[in-house]
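Have the viewer open as you read.

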Amino acid sequence: MPAEIIDGKQIAEEIRGKLREEIEHLRQVYGIVPGLCTVLVGDNPASVSYVTAKNRACQELGMNSFHHHLPADTSAEYLLGLIGELNATAEIHGILVQLPLPPQIDERKILEAINPMKDVDGFHPVNVGRLMIGEEVFPPCTPAGIRELILRSGTPLEGAEVVVVGRSNIVGKPIAMMLVQKRPDGNATVTICHTRTRDLGAHTRRADILIVAAGHPRAVTGEMIKPGATVIDVGVNRVGTTESGKAKLVGDVDFASACRVAGKITPVPGGVGPMTIAMLLANTVKAAKLARGLPV
């Protein structure tokens, strides 16, 4: 029997629906309109697409959307000054600097300059530290979306063997830390694999939940998956074009062979991607409530 498809688009839309109601309540009762400001440096096509989608999502939910599009030769000093201004602007509750940045700008310094209470990406060291000790405020958006997909698919987390393929600061490390926490949406036993793992298949084949963020197309095949496992494919890889001329996208999992073995699986596209934006919106609403001292 082919694997059950975990529909990230549908789940993200359910989350957006609840956020839309919450945003309207905040506006009517407290006069608060959550505001997200995106900052894009340069014209990387993928980054332009991502930022456009984020701003459009804000507007669809009734949030305030602010945007600064800076030239590729922008100096670090100018960007730091802009972030200082955004930190001080009360109408802006969340600040997102789209990565990657041009080589003349130190990403670490930029991320550290953002007020941690406006860091809706969850990349500031303060928020990373809070995540580490189990007191997360703004979880990184893609890992938060992964956790929601697992929970809403009905996959048990407590006591589950979770294998994460990839150790990035954006996905691999934070999702591992989130799922190992002593809390109802954690309590898993987590293994992180990476490019120096000796026998990747030996690890992936024992995973009840397999999260693949390797950054390589079809890096995990069906023979590397435990029968009945839940597979979350984080990868988005362009591998040519379709007959209509659009980019052909595949994940880090070989979907065709994985579907014959896995119990549940996310598609690419339409799996993790929509969840990332949904969780960004959720973090921004949370930031607006925290700024006013409201319970979250």
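The buried residues of α7 pack against α5 (125–132), α6, β5 (161–165), β6 and β7, where packing or contact means heavy atoms within 4.5 Å. Helices (H or I, at least four residues) and strands (E, at least two) are DSSP runs, numbered from the N terminus. Keep in mind that this is a predicted model: local features need pLDDT of at least 70, side-chain atom pairs count only at pLDDT 80 or more, and totals for chains, interfaces and linings use all residues. Residues are numbered from 1 along each chain as its sequence is written, and side-chain values use heavy atoms, with hydrogens and water left out.

- The residues of α7 that come out as buried are Gly 172, Pro 174, Ile 175, Ala 176, Met 178 and Leu 179; buried means under 20% relative accessible area, exposed over 50% and partly exposed in between, using a 1.4 Å probe and protein chains only.
- Gly 172 sits in α7 and counts as buried because its relative accessibility is 0%.
- Leaving out residues up to four places away in sequence, Gly 172 touches Val 164, Gly 166, Arg 167 and Ile 192.
- Thr 142 is 30 residues from Gly 172 along the chain, and their C-alpha atoms are separated by 9.8 Å.
- Pro 125 belongs to helix α5 and, at 42% relative accessibility, is partly exposed.

**α6 against α7**

- The axes of α6 (residues 141–152) and α7 (residues 172–180) come within 9 Å and cross at roughly 45°; axes are lines fitted to C-alpha atoms, for helices over the stretch in contact, and angles run from 0 to 180 degrees between N-to-C directions.
- That's why α6 and α7 are oblique to each other, given that angles under 35 degrees count as roughly parallel, over 145 as roughly antiparallel, 65 to 115 as roughly perpendicular and the rest as oblique.
- On the α6 side the contact uses Pro 143, Ala 144, Ile 146, Arg 147 and Ile 150, and on the α7 side Pro 174, Ile 175, Met 178 and Leu 179.
- By class, this α6–α7 contact has 8 nonpolar residues, no polar ones and 1 charged; Ala, Val, Leu, Ile, Met, Phe, Trp, Tyr, Cys and Pro count as nonpolar, Asp, Glu, Lys and Arg as charged, and the others, Gly among them, as polar.

**Helix α1 and its partners**

- α1 (residues 8–30) has 23 residues and reaches 32 Å from its first C-alpha to its last, close to the 33 Å expected at 1.5 Å a residue; the expected span is 1.5 Å times one less than the number of residues.
- Buried in α1 are Gly 8, Ile 11, Ala 12, Ile 15, Arg 16, Leu 19, Ile 23 and Leu 26, and their cover includes α2 (45–60), α6 and α10 (272–292).
- α1 and α10 pack at an angle of about 20°, with their axes 9 Å apart.
- That angle makes α1 roughly parallel to α10.
- The α1–α10 contact involves, among others, Leu 19 and Ile 23 of α1 and Leu 281 and Val 285 of α10.
- The residues of the α1–α10 contact split into 15 nonpolar, 1 polar and 5 charged.
- With α6, the axis of α1 comes within 11 Å and crosses at roughly 100°, so α1 and α6 are roughly perpendicular to each other.
- That contact is made by Gly 8, Ile 11, Glu 14 and Ile 15 of α1 and Glu 148, Leu 149 and Arg 152 of α6, which are 3 nonpolar, 1 polar and 3 charged residues by class.

- Most residues other than glycine have a negative phi, and most peptide bonds are trans.
- A cis peptide bond joins Leu 99 and Pro 100, with omega about 5°; Pro 100 is in the loop between β4 (94–97) and α4 (107–113).
- Val 268 to Pro 269 is cis too, with omega near -5°, and Pro 269 is in the loop between β11 (264–265) and α10.
- Asn 187 has a positive phi, near 65°, in the loop between α7 and β6 (189–193), and is partly exposed at 27% relative accessible area.
- Arg 218 has a positive phi near 55°, in the loop between β7 (209–212) and β8 (230–233), and is partly exposed at 38%.
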